[in-house]
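Hi everyone, thanks for coming.

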Amino acid sequence: MQKNWQVGIAAFILMLSAVFGVGATQLPADTGYAGIGSAFMPAVVALFLLLVGALLMWQACTGGFRNFTDGVVDLVADHRGALWVTAGILVSAALMTKLGFVVAATTLFVCVARGFGSKTWLRDAITGAVLVLPVFWLFTLVLDVNLPHLFNDWF
Amino acid sequence: MMETWTLLLGGFGTALQPMNLMWAFIGCLLGTAIGVLPGIGPALTVAMLLPVTAKVDPAGALIMLCGVYYGAAYGGSTTSILMNTPGESSSIMTALEGNTMAKYGRAGPALATSAIGSFIAGTIGVVLLTLFAPLVADLALKFGPAEFFSLMVLAFVTVSSVLGASMLRGMVSLALGLAIGLVGMDSIAGIPRYTAGVPELIDGIEFVLVAVGLFAVGEALYSVLYDPKGDATERNKMSSIWMTKDDWKRSWPAWLRGTAIGFPFGSIPAGGAEIPTFLSYSTERKLSKFPKEFSGEGGKGAIEGVAGPEAANNATAAGALVPLLTLGIPTSATAAILIAAFQNYNIQPGPLLFQTSGPLVWGLIASLYVGNVMLLVLNLPLVGMWARLLTIPKPQLYAGILVFASIGVYGMRQSAFDLVLMYVIGVIGVIMRRFDFPVAPVIVGMILGPMAEKQLRNALAIAQGDWLIFFKQPIACTFMVITIAVMFVPIILRKRGVRLAEDD
């Protein structure tokens with residue numbers, strides 16, 4: 001399990017290097033007085049990624065990444081909790097303009113608290129709203145930051 | 001010299017008028033209150049509060065804005081320490097050690113060392129400003145792209161100290177940061193790079209977004225995945241709120257070193273607070289007698305890692321006023337907005353400012369002393385209250401952190417796309433944490449990368465493509481020599497049998 005992940009990470013870095021390398025060749029070659037142009041830094045970064053990616057792949061294939069701070073630990077993941085947090089962030093992002101700021105942010109609060117094992121829906125919703133409201137007013141009334149409406153127009 | 005003190009005394013006459021004292025207080029209070037909001041750094045805070053000062057007389061308004069400036073910098077550190085959501089690049093290093101300390105129940109000392117360090121650095125900075133402003137301004141004008149680039153090379157090399165347990169994985173993080181920094185408009189030629197046709201990406205990826213994604217969201221996701229109930233170790237258990245004798249002993253030298261690094265950096269045009277805070281952090285880490293306590297080594301957070309960068313940050317803020325007042329050159333976004341404030345009152349900062357508006361400028365400088373004291377008085381009593389925030393149960397605490405994080409990210413551009421991006425970066429943060437990749441180098445890379453590229457291309461354009469330019473100019477050459485020394489001295493030491501912490 002660990003090894004697959006490590007090879008995957010190294011492969012991702014190598015892929016990133018390829019993407020940046022190919023991208024660099026497509027940037028204009030015009031270099032002006034400096035002798036280097038827009039493509040120079042991307043090429044350097046692509047080479048850097050290639051180098052560290054290759055070293056990482058070598059480590060992954062020969063016994064795994066070295067020098068872990070806490071040693072290699074096998075952790076059990078709680079995917080349900082993470083799903084709640086994910087849902088909270090993505091749903092609030094999607095609903096921000098539709099439902100209004102306060103509803104979206106309160107939803108986020110309730111979902112995250114649920115993900116961490118809180119069972120008190122109603123209390124969390126009230127806590128969330130109490131936390132969000134003053135911030136909303138501070139941003140919109142005092143600081144003039146444009147946030148979506150408190151509630152949507154149909155309220 | 002006597003004349004300077006007489007003028008400063010006159011300045012105190014202005015600053016200590018009850019009305020102006022009140023403006024300084026309001027400025028510090030508002031600055032701290034708004035600086036505490038995540039995603040809102042000092043520049044934005046000063047910009048937002050600019051209209052508020054419109055009805056106040058020039059002296060009062062500028063005094064208030066400088067209070068806001070200092071207060072916002074301080075408020076930003078508070079959120080970095082408590083919630084791991086740095087609102088500006090200068091508090092990234094604070095978040096690194098400060099938040100680790102907070103997690104191990106030492107939020108109080110972290111906040112206190114940051115408040116007192118800011119006060120000391122701010123005060124020393126203002127003294128230096130009083131005494132040496134014209135001198136420093138002369139020197140600062142000698143800095144061109146070649147000097148900046150060699151400075152950044154030095155910063156890149158010293159950054160190895162934030163690379164964590166494995167040099168290679170640290171380098172991977174740095175490369176990732178450099179790659180993220182490339183996304184968006186090329187600052188010299190104006191060509192969009194790696195935007196994949198997404199219009200939101202043309203402006204580049206905001207570092208606040210990446211920092212909040214990696215630090216706050218990444219941590220929340222990691223925590224819910226692997227440790228939803230909170231482990232039963234000493235984490236999050238509150239110990240003393242106040243700094244112990246040992247904390248004081250370790251903070252003092254760090255404050256002074258941070259100030260010594262920060263002030264000169266603030267006063268060079270286009271300096272910014274990133275490099276001095278990074279440099280201060282790596283200096284502290286190299287010099288510390290307790291290297292194992294640093295978060296990169298899996299430690300519980302080292303107090304000098306908060307004290308140094310915080311002092312450097314505030315000294316930079318004071319240093320930035322040197323070119324601002326004497327040359328009319330803003331060295332940071334915040335300073336640029338302060339210039340706009342000056343211009344509102346038909347005051348043009350520059351070489352003639354001390355002659356044309358002497359009393360006002362000296363009043364302003366005096367009020368910086370007053371502001372520093374005020375911030376300390378305002379913030380030290382609050383340390384206990386802030387630290388107690390962390391005793392909120394885990395579900396509600398993380399829910400609150402994520403709500404604030406999304407408000408900060410969303411508030412920047414009102415874009416739901418940014419929220420999704422924040423989540424994606426958060427997931428990358430979880431994977432990085434899981435496989436022990438340090439996250440700080442990503443931020444360092446994405447901030448320094450574009451800056452270095454810009455200075456490199458400008459320097460080479462001026463030198464007509466001559467790469468030796470970095471060794472032909474005295475200041476640039478000095479930095480290059482220091483860089484080479486930093487790179488090779490450890491190797492020589494190692495050959496002589498001295499073992500260093502970051503050996504892979």
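Predicted model: local features only at pLDDT ≥ 70, side-chain atom pairs only at ≥ 80, totals over all residues.

Residues are numbered from 1 along each chain as its sequence is written, and chains are lettered from A and ligands numbered from 1 in the order in which they are written.

Let's look at chain A. It is divided into domain 1 (2-61) and domain 2 (79-142), with bounds from an automatic or database domain assignment. The C-alpha centres of these two domains are 38 Å apart. How confident is the predictor in chain A? The mean pLDDT, a per-residue confidence from 0 to 100, is 84 for chain A, and 86% of its residues reach 70 or more. Confidence is highest in H2(A), at a mean of 94, and lowest in H5(A), at 83.

Now, where do the chains meet? Contact here means C-beta atoms, placed from the backbone, within 7 Å. By that rule, 64 residues of chain A touch 52 residues of chain B. On the chain A side, H1 (2-26), H2 (40-61), H3 (79-99), H4 (101-115) and H5 (121-142) each supply at least two residues. H3(A) gives the most, with ten. Helices are DSSP runs of H or I with at least four residues, strands are E runs of at least two, and both are numbered from the N terminus.

On to chain B, which has 22 helices and two strands. Of its 504 residues, 61% count as buried; that takes 20 or more other C-beta atoms within 10 Å of a residue's own, with 12 or fewer for exposed, partly exposed in between, and C-beta atoms placed from the backbone.

Let me pick out one helix, H11(B), residues 274-287. Its 14 residues reach 20 Å from first C-alpha to last, close to the 20 Å expected at 1.5 Å a residue, where the expected span is 1.5 Å times one less than the number of residues. Why call H11(B) largely enclosed by the rest of the structure? Because twelve of its 14 residues are buried. Among them are Phe278(B), Tyr281(B) and Arg285(B). The buried residues pack against H5 (92-103), H7 (145-158), H10 (245-267), H12 (304-319) and H20 (440-462) of chain B.

That's my tour, thank you!

Terms used: Contact = placed C-beta atoms within 7 Å.
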